[in-house]
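Keep the sequence and the 3D view side by side as you read.

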Amino acid sequence: TTLFRSWYPGTVTKYSYATKKLYVEGTTGYKPYQFWFRSIKFSNNGDNPVTTDRTINLEVCSPTVCVRNSKTITVKPVNDKASFTLSAPFGYTELDGKVYVDANAVIKDVDTPTLTQLEVFLSSGYDSGKDVLSFETDPATIAGAGLTGAWNAAAGKLTVTAATSAPVATFQQVLRTVQYENAFLNPSAATRVFGFRAYDGNSWSTEAKRTMAFTAVNQVAKVTLTKTLWNYNENDPPAVLVYQTLDDALTLSDADSADMQSATVQLTDKYETGKDYLRLPAGGPAGITAAFDAATGTLTLTGSSAIANYQAALRTVEYYNAASDSCATTPGAIQADCKKAIEFKVRDDAGEESPAASLEVNFKPINDAPELTVLTNPISWTRKELVLQPTLTVVDKDDLLLASATVSFGVGFADRKSVV
């Protein structure tokens, strides 16, 4: 029995848990008792109350007689929606693979032990066609629990449905195996918000949310050559310079950048300063400028421009060798074929450089015959020895050593009389 404070002078209010009675004692007029009856309230604080009608008996007694009446209370339960307890926000880096949406998620429903449907969806930041939600749980296991799962790519929603209903714990187990993945290059970097809802047969739960920060990773550009070996035959000045295009069908690609900052084409192996040259012909794509650094054998293209423009520019890059003795080893040695290497690189709008695409140049020297410069004017002989060509010059562009030389008579030769 619990004793409450006196609510009226000369009275005492008590409640007996054993008899479930609330009563007041004390002799006084009827109006205080009437007020007391009118102030009594009923409540039930449970989330899942018994729905049986309650009967409340009201009794008042005078010193000689008691009067009783009753009142019926019908308890009408209100469905409590299911609820979720989710983990803290998390992060995902491009190409991380499959990750759990929430391996520790908790589902509760205080007045319904079963659920009929569960939804996990991307309520914000959905990268349509790239973001995917799936179950780690084997489909047969889900089916064995009386559940079916379906992914709706158009809506970005994964749904789990029970044939009739299934325990909350079963739905929770499946929820913890839901995984997210974006396996594409150049995904949206928007923050993803995952939404969770459950249906208990009467009402849908309020949407619960978990946030995932998405970190995109820059994918470097790629130069793809259509050839790996290129033949170049020696071309000698002072003839017209013969520049040749290196690869007029190469391709340039970048999964996540529409523009390029710069590109380089460089002679990296057996480069000969003052002999090897690279150039971008006039009339190339607008916004791209070219400069050749003879010290390093590097042609640099600069200017932010579309990837298609850089591809067009690189396809027109030309090579020329202005020497007649390239690939010579030691003085007097015969020139032999040699291999030169040219590398192509580009830098995307994020400032990252691509791997080098290498073109091997098979340089084929051409042997140049010696050249004589002689006087052709007639000279007079006055019966004494005469030097025929005191100013004659001999030049060989690609050999320092000669093997032999001949001088012979032509027109007017007198047998046994003329001697050289």
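This is a predicted model: local features need pLDDT of at least 70, side-chain atom pairs count only at pLDDT 80 or more; totals for chains, interfaces and linings use all residues.

Start with the largest nonpolar core. It has 34 residues. Which of them touch the most other members? They are Leu246, Val265, Leu301, Leu314, Tyr319, Ile342 and Phe344. As a general point, nonpolar side chains in soluble globular proteins tend to be buried together.

Now zoom in on Ile342. Its contacts, leaving aside neighbours within four places in sequence, include Leu246, Val265 and Tyr319. Ile342 also meets Gln266, Leu267 and Leu278. Ala357, Ser358, Leu359 and Val361 complete its list of contacts.

Helix 4 spans residues 307-315. Its buried residues are Ile307, Tyr310, Gln311, Ala313 and Leu314. They sit on the same side of helix 4, because they cover an arc of only 165 degrees around the axis. What do these buried residues pack against? Their partners are strand 20 (251-253), strand 21 (259-269), strand 24 (298-306) and strand 26 (338-348).

Next, find Val160 in strand 13, which runs over residues 157-167. Is Val160 buried or exposed? Val160 has a relative accessible area of 2%, so it counts as buried. Not counting residues up to four places away in sequence, Val160 touches Thr116, Gln117, Leu118, Phe135, Leu147, Thr148, Phe171 and Val174. Ala150 is 10 residues from Val160 in sequence. In space, the C-alpha atoms of Val160 and Ala150 are 6.7 Å apart.

Turn to the aromatic rings. A pair of rings is described by the distance of the centres and the angle of the planes. The model holds 11 aromatic pairs. Tyr15 and Tyr17 make one that is edge-to-face, with 4.9 Å centre to centre and 85 degrees between the planes. Tyr15 is partly exposed, at 23% relative accessible area. Tyr17 is exposed, at 60%. Tyr199 and Trp204 form a tilted pair, with centres 5.2 Å apart and planes at 40 degrees. Tyr199 is partly exposed, with a relative accessible area of 24%. Trp204 is also partly exposed, at 24%. Elsewhere, Phe90, Tyr92, Tyr180, Phe194 and Phe214 form one aromatic cluster.

Lys157 lies over the face of Phe121, 5.8 Å from the ring centre. The charged end of Arg279 sits over the ring of Tyr243, at 3.8 Å from its centre.

Three strands form an open sheet in the order 19-25-22, and the pairing is antiparallel. Which are the edge strands? They are strand 19 (244-245) and strand 22 (276-279), each of which pairs on one side only. Strand 22 and strand 25 (residues 318-321) are joined by 4 bridges in the antiparallel sense. To see one, look at Tyr277: its bridge partner in strand 25 is Tyr320.

Definitions and conventions
Residues are numbered from 1 along each chain as its sequence is written. Side-chain values use heavy atoms; hydrogens and water are left out. Two strands pair if DSSP finds at least two bridges between them. Helices (H or I, at least four residues) and strands (E, at least two) are DSSP runs, numbered from the N terminus. Buried means under 20% relative accessible area, exposed over 50%, partly exposed in between (1.4 Å probe, protein chains only). Contact means heavy atoms within 4.5 Å. The arc is that of the directions from the helix axis to the C-beta atoms. Rings of Phe, Tyr and Trp (its six-membered ring) pair if their centres lie within 6.5 Å; planes under 30 degrees apart count as stacked, over 60 as edge-to-face and the rest as tilted. A charge sits over a ring if NZ of Lys or CZ of Arg is within 6 Å of the ring centre and within 35 degrees of the ring normal. A nonpolar core is a set of buried Ala, Val, Leu, Ile, Met, Phe, Trp, Tyr and Cys residues joined through side-chain atoms within 4.5 Å.
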